[in-house]
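Here is my note on the model for a colleague who has not worked with it before.

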Amino acid sequence: MSKKEAENVCFWLPNQSANKMDVLTPHKMVVVFLIQEYMRLKKSPEGGTTEQQPPAIELSFADRKRFCMLLLRLIQFPDMPYKDLHALLVSQSYGLHPVHLEEFTKLMKLLKSIGIDVLFDLYNDIDKIIMDNSVLIGIVGLHLRKVFVTMDKMNFQEVMELYQATIAYYDKGVNAMAADKGIAEESVNALNLSQYTPIKPSDHGAFAAKWSVKQSELFVAQQSALLKENEVKALPPDELERRLTEIIHDRPQYAQAYFLQYLNNLRVRDISNAIQALHRSFDRGTTASSAAGANGGSGIPFASENYSKEYQYSNLNLAILHSHFGHRKHALQSLRECITLAQDNGDLTCLHLAHSWIARLHNQDPPLPEKNASASSIHATSLGALAEIRRSCQGGDEPPAKLLGRLMLNDHLNCQRSMMDLVANGTAVRAAVWTVYGNHSMASLCAQVLLNADLKSLDKTYNGEGICQVLCSTVVWLAFLGEFNLAIVVLKHTKDRFPTYPHSHEWWIAEHYITVTRAIYRGHWAEATSECQRMHVFSPPLAMLQLAHVTLAKLEFTTAKTIIRRLLTGGDTLDPLIHVRALILYANTFVGTQHPAAINVLGEAQQLARNHHLQYEEALIGLHFGYIYLVHMNVPRQALVALKGSLETILANGPIYDKSRAMFVFARALVEAEEEQAKRLEQLASLVPMFEEAIECFEKLECYSKAKDVYIYLAKTFHSLGELDERNRFSYRYRMLEEQFPTEAQYLNVFL
């Protein structure tokens with residue numbers, strides 16, 4: 001395995017060495033001319049000022065800073081046409097000192113008249129600069145030394161071709177600037193760090209735009225890190241593919257470029273090209289390893305042997321690829337071959353990684369690493385632990401306290417090693433656990449903690465899966481609170497921050513879910529049905545559950561039963577949370593027809609919720625029991641017993657829709673429990689603020705049919721108690737709401 005274990009913790013690629021000598025291009029020579037003139041202007045003339053040696057100038061801090069940033073860009077980025085280079089030299093961000101620009105322009109104009117001697121003089125000047133400036137280190141110093149060594153190995157014919165290419169490069173740029181003089185300023189503004197215009201291969205023959213060894217390595221390393229830590233800042237897939245095609249054209253044996261191409265194909269779920277790029281990556285790695293051994297003299301006997309110890313990682317990456325696309329059988333086959341090779345080579349790290357993936361595919365506990373295990377092993381173990389916690393939570397196999405305790409230990413380990421991606425994923429899983437068990441307030445708190453945390457490590461800010469998940473949970477929670485506008489704002493931010501797959505899968509589900517929920521509140525059945533069909537692509541069980549909710553709200557009980565029965569046929573494969581919610585809806589199909597089977601179905605759902613520690617769903621079942629006791633069985637005191645055990649959980653953690661329903665039913669039960677008319681009137685008067693709060697919440701959700709149910713109940717109750725003024729007041733408010741938001745009569749007094 002690569003000794004640089006921390007470079008990539010999800011995919012593993014062996015080290016490759018690049019022995020190809022960089023090609024000197026006209027662009028690189030112009031960069032050296034810039035450095036040459038800069039050093040001449042800084043150096044005080046000993047024999048007085050001459051035409052060849054202009055007087056030294058005093059460069060301000062801003063001038064030096066702009067020139068250093070210019071050199072950094074020109075050295076690290078690929079070659080560009082002279083027109084774009086000149087636009088940089090006069091731009092506001094990278095502009096040269098006027099005297100420096102003037103001397104550089106004079107030198108470029110004299111290239112033809114001086115002849116090839118200018119390159120020989122440049123060779124001597126570089127030698128003097130390196131010798132006289134012992135402190136000239138860093139990127140610029142390395143660049144000058146590389147140019148010096150390359151020129152030292154060139155013969156006269158190669159130097160002549162380089163000179164002629166430089167002349168052609170300059171002439172073509174000057175002609176282009178003359179043709180586009182009127183729009184030069186626009187080209188400067190359009191130029192930025194993420195875009196460049198490559199030179200066409202036909203421009204200068206062998207000296208066309210080339211990616212140097214260091215430029216390509218830097219580009220691949222930067223994009224790989226961005227794909228891991230902050231994908232939104234990486235180049236778009238199509239542009240990254242174009243850059244990689246250029247690099248591969250210049251360096252066909254560069255294995256890391258193929259591997260980055262493989263990762264880029266995963267972003268767009270192109271499995272065919274992903275597999276092809278992965279195969280080419282390790283094919284080129286084999287070739288590079290063999291070439292390194294052949295060029296290394298004494299290393300020949302060991303080159304193939306050393307690389308043979310890396311073959312298991314090709315199988316490991318192939319297994320990860322198949323797992324990513326859901327090909328479990330092919331993934332296990334690749335893992336078995338990986339384990340065989342790792343055992344032959346004694347690679348304990350690869351063995352642990354392979355066993356971790358096997359455990360994940362079989363939904364088993366991942367193996368624990370040894371104390372002296374590598375960072376990749378610990379990272380894989382932590383990811384496996386989070387996956388196991390997620391699986392146990394969905395399956396309801398363990399009590400919540402045990403899962404949260406394991407999460408705390410895992411977070412402690414991740415924080416000690418500053419694994420920011422795992423810290424974020426752990427917090428996201430914690431929020432998900434609280435949501436499953438019904439504590440939405442704690443889930444919202446965990447999401448806020450993660451979103452406000454400073455997830456920086458080595459000046460890199462994490463922006464990955466965990467952030468996307470808590471943003472989506474925040475979107476859903478804001479929708480539950482009736483803040484649909486804020487939810488849309490956060491959803492748009494999530495889309496802009498995570499535009500590509502697989503993160504887009506999360507916010508697509510969140511968007512469809514809140515759209516369906518809002519359409520159900522409003523009574524827009526066609527819109528809700530359409531959104532359920534779209535959501536079925538991303539989460540079939542959740543889509544069927546919401547579609548059953550829509551059909552129930554439309555009072556289509558037969559259709560709702562058919563959908564719920566089809567959903568329940570999943571049996572053990574269905575998540576307990578979805579299973580319990582489906583049973584609650586199934587019971588509502590009997591409540592609407594006043595069938596006694598509703599009690600049996602609710603009892604089954606209650607037992608299932610208790611077995612899987614679903615506290616909030618158990619409270620909702622208690623709310624349904626209270627409604628049935630109150631409305632259909634007319635036993636308000638028994639309804640109060642059922643409601644009191646559920647009210648605290650719903651009011652503390654539930655969405656405002658469930659809170660409003662709970663307050664409405666509870667207040668009705670308190671009123672109906674009073675037998676004497678005077679006490680009932682007194683109780684009703686004291687509970688009017690609770691009814692008003694329920695109405696306010698329903699109207700905030702735009703669920704006007706439920707608000708009308710409260711008005712109807714209050715008007716009828718005050719009428720039966722002889723309070724005509726109060727009856728008229730609530731009747732008037734009902735009529736005003738009905739005129740503004742009309743509702744068909746059959747959709748009133750529906751408890752869902």
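How many helices and strands does the secondary structure of the protein chain come to?

1. The secondary structure comes to 35 helices and 2 strands, where helices (H or I, at least four residues) and strands (E, at least two) are DSSP runs numbered from the N terminus. This is a predicted model, in which local features need pLDDT of at least 70 and side-chain atom pairs count only at pLDDT 80 or more, while totals for chains, interfaces and linings use all residues. Residues are numbered from 1 along each chain as its sequence is written, and side-chain values use heavy atoms, with hydrogens and water left out.

2. The protein chain has 752 residues, of which 51% count as buried; buried means under 20% relative accessible area, exposed over 50%, and partly exposed in between (1.4 Å probe, protein chains only). Its accessible surface comes to about 36100 Å², and 55% of that belongs to carbon and sulfur atoms, the areas coming from the Shrake-Rupley method with a 1.4 Å probe.

3. Among contacts (heavy atoms within 4.5 Å) between residues at least 6 apart in sequence, 67% join residues at least 24 apart.

4. The count of aromatic pairs comes to 14, given that rings of Phe, Tyr and Trp (its six-membered ring) pair if their centres lie within 6.5 Å, with planes under 30 degrees apart counted as stacked, over 60 as edge-to-face and the rest as tilted. One of them joins Trp508 and Phe538, whose ring centres are 5.9 Å apart and whose planes lie at 10°, so the pair is stacked. Trp508 belongs to helix α24 (residues 503-522), whereas Phe538 is in the loop between α25 (525-535) and α26 (540-553), 30 residues apart. Trp508 counts as partly exposed at 32% relative accessibility, and Phe538 counts as partly exposed at 24%.

5. The rings of Tyr704 and Phe741 are stacked because their centres are 3.8 Å apart and their planes are at 5°. Tyr704 lies in helix α34 (residues 704-720) and Phe741 in the segment after α35 (724-740), so this pair ties together parts that are 37 residues apart in sequence. Tyr704 counts as buried at 17% relative accessibility, whereas Phe741, at 29%, is partly exposed.

6. Trp508 also has other partners: ring pairs link Trp507, Trp508 and Phe538 into a cluster, and Lys495 lies over the face of Trp508, at 5.8 Å from the ring centre. A charge sits over a ring if NZ of Lys or CZ of Arg is within 6 Å of the ring centre and within 35 degrees of the ring normal. The charged end of Arg729 likewise sits over the ring of Phe730, 4.4 Å from its centre.
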